[in-house]
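User: Hi! I'd like to go through this one with you, a bit at a time. Could you take a look?

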Amino acid sequence: MKPAPFSYAAPKSLEEVFDLIELADGNARLLAGGQSLIPMLNLRQLRPAALIDLTRVSELSRLRREGGDLHLGAMVRHSEVESSSFVAKTHSILGRAASEIGHAAIRNRGTIGGSLALGDPAGEFPLVAAILGASITLRSRTRTRAVSAADFYFGAFRSVIEPDEILTEVAFPALPPRTTWGFQELCRRPHDFAIAAVGATITFDSHGRISRAAIGLGGVDETVILAADAAASLIGTEGTKTSIAVAAQAASLECKPVSDVRASADYRRQITRVLTARVLQEAVEKSKAS
Amino acid sequence: MKSVPRRGKFLGARVSRVEDLRVLTGRTLFVGDVQLPDTVALVFLRSTHAHARIVSIDVSRAAAAPGVIKVLTGEDLTGVLAPLRVDWNPDSIQPPHRPCDWFILARDVVRFFGEAVAAVVATDTYMAEDARDLIHVEYEPMSVLLDAERALEPDAPILHPGWEDNVMFKAERDCGNVARAFKQADLKVSQRFKTGRQTALPLETRGCVASYDRAREELTFWSSSQIPHVLRTHLARLLKFPENRLRVIAPDVGGGFGQKAHVFPEEVLTAYLSVTLERPVKWIEERNENLSSALHAKEQVVDAEIALSNDGSILGLKARLVSDIGAYTEYPWTSWLEVFLAGNVMPGPYKIPAYSFKALAVCTNKTTLGVYRGVGAPVATFVIERLLDIAARRLHLDPVQLRLNNMIRKEDHPYTNVAGAYVESGSHREALSKAAEIIGYADFRSEQKKQVRRGRHLGLGVASFIEVSAPGTQFLLAGGSPRTAGWESARAQMDISGKVTIAVGTHSHGQGHETVFAQLAADELGVDIADVSIRYGDTAVSPLGWGTNASRSAVVGGGATLKAARILRDKILRFAAKRTEIPDKELKLADGFIRRIDDGRAIAKIADIAHDLIIPADGNYLGEEPGLDTTVVYEPPMLTNSNATHLATVEVDIETGQVKILRYVVVEDCGTVINPAIVEGQIQGGVTQGIGGALYEHIVYDSLGRLMSNSLMDYLPPTATEVPTIEIAHLESPSPHTMLGIKGMGEGGAVGPWGAIANAVEDALAPFDVCVSELPLTPERILSLLNRSARLQRATVGEGARL
């Protein structure tokens, strides 16, 4: 199918982007990787009057470290996150999450900013942002604000981004020492949209007990959520099979999955328990190995 | 792997396909590549309701939109274009079916989500789609039927005017003494089976370009079709256009699998518009249109029962098959093909003394059912193979041994089963034994036991079948097949330079005919395969034929090619014999020369003889008619039967329900093999599609009859990651009746997987006592089978039983 008519611009600076947004009077869409946006245009599910291509706004593509935090510009491509040793040095979970997104061709175009702005409840980057407690920077012509991942979504594909704002970068705080992670998705075929996705970080103290844990659930609620009760149940434990099973069961009860053409709510709930256990097991085994 | 014998320079050889380079690099003409000056774009507005009355259609804004040339609705075509309607042929010996009208654009009522309601013609597709958005249709929803059993209930709404119920066709057959068989049985296994709704999903969607030349009053029609001559006949009839001025070209086609062996309303309208507008009109289907508005396949509910004695001998079989054929009937065939074939082939390679079945084709508000690779055989094979596994488990017999004991033996051929199906040759027991040997049956069973102790669940399943192919004319006409015959034509020419052209009436859309027929001709005519050009797809070039479906082409296209090539061969030998005074019986054609058979000595160059048969230097044709050009017709036997066994091993993750196929073995017998690489390619493609139907592919409607699986995000064909390397072995039981003993086998790959994989999954889950009866076997379905089983276990054991 062909998209409805639209105008196209490829600005080179953020100032130009704000100009174009204002000109379009609420009818513009920002084009990052286009892997979700363009199909929606082609299917005429969206009909923006103007498409503003961010590819040439070079300041959006930077990766940097500040303090211990990792800052990724909105236009950083998934393929770069996947293969970057700069990223892997401190936040290897990001590379793993990126590698699950679609196929190589999609990852070459798709961006972290686009993924976060889209806010797919089954999306890999929204999930990892929640788990790591990321901070997302939104800029308009007049102000810049940082929103924590926990406050960023209020519904499926609904974020707090205002029509005159652009997501410019996301900052991932440094992970405490002795922190490991696990990340698994359940799809029908590798790299399909996830039916459910779970990620977790656990931090062990010097006595071999879990001092910190974060468990994120994707695709099993309106937005990505953190399974707070499940994470809390791990604190003070040694990450045994029993404590993992308890946490997994708790996680499956904390989500409110829906039924759709891909899977029923019941199945999603069951899979949440299974994936949570597997992800926690993965994290525990990694910490034992290191 | 058992290798295939070489019978000639090319017969039996793994010749690389000549088609591949051009199609894989896209350097060829698909219908989307047809570019003619002045072409206009055609798009369709399709119903968003499954069943509704069309109250009004307002096209005024669309008609006034920029770039728009014409907007049409069903009303505009009343009295102008007849609907697609297949009337029952009273000369047929089959029971009657009820005809219905599938209008080119819906009239008064829409009966499935995606039915074409209006058409827009504009200068390009963008403009046409913009205008399409401006059409306003008012629908009055009617109650929706989405289940065949529901459609059979006496109070169900009737979908077609004048019909007493929603049954388009019913047939019954009763062979042998079924009642007595079941009375005498030591074991009866009764089960309801459900198979999912699928669609053929060709890589290239449908599409056509019609170009009317008003000076010559001729219409050229390109279509992504499997049946160019049949399409021509029907277009001519439906448009009331003289057939001799209508040329159909099916260029390179990106897969058909049966879906494109039909004539579609879109094709008729495209042709009509070109004649009306006197300029080229182009329609290229979108993927979501193909999913909603081409044809669906396979969905059946089968209640089957098998009777056996304690030693595992099958005493009888009965089945009630209900096919959900959707809203209309596939044109120009009828949508009872799926269910009737399933009923007829269910006995498979087993000796069953008593068999009865009842088959019903029922209309619902879904996309119409058409033929798709295997047609009925996948369902039938799934049913009988599941019944046999269940029986084996209950009788505590090995499932492979149970089958071997009941199969038709080599020495039984030619075998006629209780329903009158004639099987000329085959290797049923040999194929199953070979498959078990390849997998390492005993080793697998011990590995399976070992892994259960580690919490891993492996399973093994088999399915064996007979694949019918290349139906003859009498068979087709008796089967009520309108306007098609079983024979096939070929025109063979050798030109003045000694190069060969063979034009056939079959159509290759992935099967590799250009390679395979060239192999046959090259062997007969003693030329190099590179000097043989195979042509098809263009009604102006190919003699009248019936296209490609029913796995017919190797038998009939190959047969006609051989027959024609042999006539040229004989003429060349006769002429050479006259020239040299060596009897033609002592001569052969090989490697570019006429040679003596006894010592291989070259007597003359084939190219020189060819030249002289056209323009002899001395002007003397030696009593032969000038030229090397012959057109023949080849009629195959009634039916030709191949056989195969599929064997799958799987691992099931009992926590998620996911299935991984570990190994997949096919032992196939298609008689004389022309090119084993092509046979293997056919199997790989067919098995992939079978895996799709077994585990992944599922057409899903919501409760209002709207198609939910309308993109490749939700309709999931297997990809390279889902399909293991398929291990293939060949056996050869040539047909005593066909040329060279060739048999058709193009569809068999898709026939075995449902039975093999379903059996393997149930075998893997044997500790949990589940019954696999419904496809596709999604992880969710498997998990719910396990959950139910756990509940049952807890209910019987009391507390404490855990998965």
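User: Which residues does Met346(B) touch, not counting residues up to four places away in sequence?
Analyst: Met346(B) touches Val302(B), Leu317(B), Ala319(B), Leu321(B), Tyr355(B), Ala380(B), Val383(B) and Ile384(B); contact means heavy atoms within 4.5 Å. A word on the basis: this is a predicted model, where local features need pLDDT of at least 70, side-chain atom pairs count only at pLDDT 80 or more, and totals for chains, interfaces and linings use all residues. Residues are numbered from 1 along each chain as its sequence is written, chains are lettered from A and ligands numbered from 1 in the order in which they are written, and side-chain values use heavy atoms, with hydrogens and water left out.

User: Thanks. How many residues has the largest nonpolar core?
Analyst: That core has 185 residues, and those with the most contacts inside it are Ile215(A), Leu269(B), Met346(B) and Val761(B). Helix 10 of chain B (residues 377–395) gives the largest share, 12 residues. A second, separate core has 51 residues, including Ile529(B) and Ile674(B). By nonpolar core I mean a set of buried Ala, Val, Leu, Ile, Met, Phe, Trp, Tyr and Cys residues joined through side-chain atoms within 4.5 Å. Buried is under 20% relative accessible area, exposed is over 50%, and partly exposed is in between (1.4 Å probe, protein chains only).

User: OK, over to the interface. How many residues does each chain put into the contact?
Analyst: Chain A gives 24 residues and chain B gives 29 residues. The area buried between them is about 2,300 Å², with 50% of that from carbon and sulfur atoms. Buried area here is the accessible area (1.4 Å probe) that two parts lose on being put together, summed over both.

User: And how many salt bridges are there across the interface of chain A and chain B?
Analyst: The rule finds 7 across that interface, a salt bridge being a side-chain nitrogen of Lys or Arg within 4 Å of a carboxyl oxygen of Asp or Glu. Arg262(A) and Asp714(B) meet in a salt bridge through their side chains, at 3.2 Å, N to O. On the side of chain A that touches chain B, helix 10 of chain A (residues 265–289) supplies the largest share, 5 residues.

User: New topic: which residues of helix 1 of chain A are buried?
Analyst: In helix 1 (residues 14–24), they are Leu14(A), Val17(A), Phe18(A), Ile21(A) and Ala24(A). Seen down the helix axis, these buried residues fall within an arc of 130°, so they line one face of helix 1 of chain A. The arc is that of the directions from the helix axis to the C-beta atoms. Helices (H or I, at least four residues) and strands (E, at least two) are DSSP runs, numbered from the N terminus.

User: What's on the other side, and what covers the buried residues?
Analyst: Glu22(A) and Leu23(A) are exposed on the other side of helix 1 of chain A. The cover over its buried residues includes strand 2 (28–31), strand 3 (50–53), strand 6 (135–139) and strand 10 (166–172) of chain A. Just after the helix, Asp25(A) takes a positive phi of about 50°.

User: Last one: is Glu285(B) buried or exposed?
Analyst: Glu285(B) is buried, at 4% relative accessibility. Its place is the loop between strand 12 (281–284) and helix 8 (287–293) of chain B. The side chain of Glu285(B) makes polar contacts with the side chains of Arg206(B) at 2.5 Å and Asn290(B) at 2.8 Å. A polar contact is a pair of N or O atoms within 3.5 Å; within protein, one must be able to donate a hydrogen and the other to accept it, and residues adjacent in sequence count only if both atoms are side-chain atoms.
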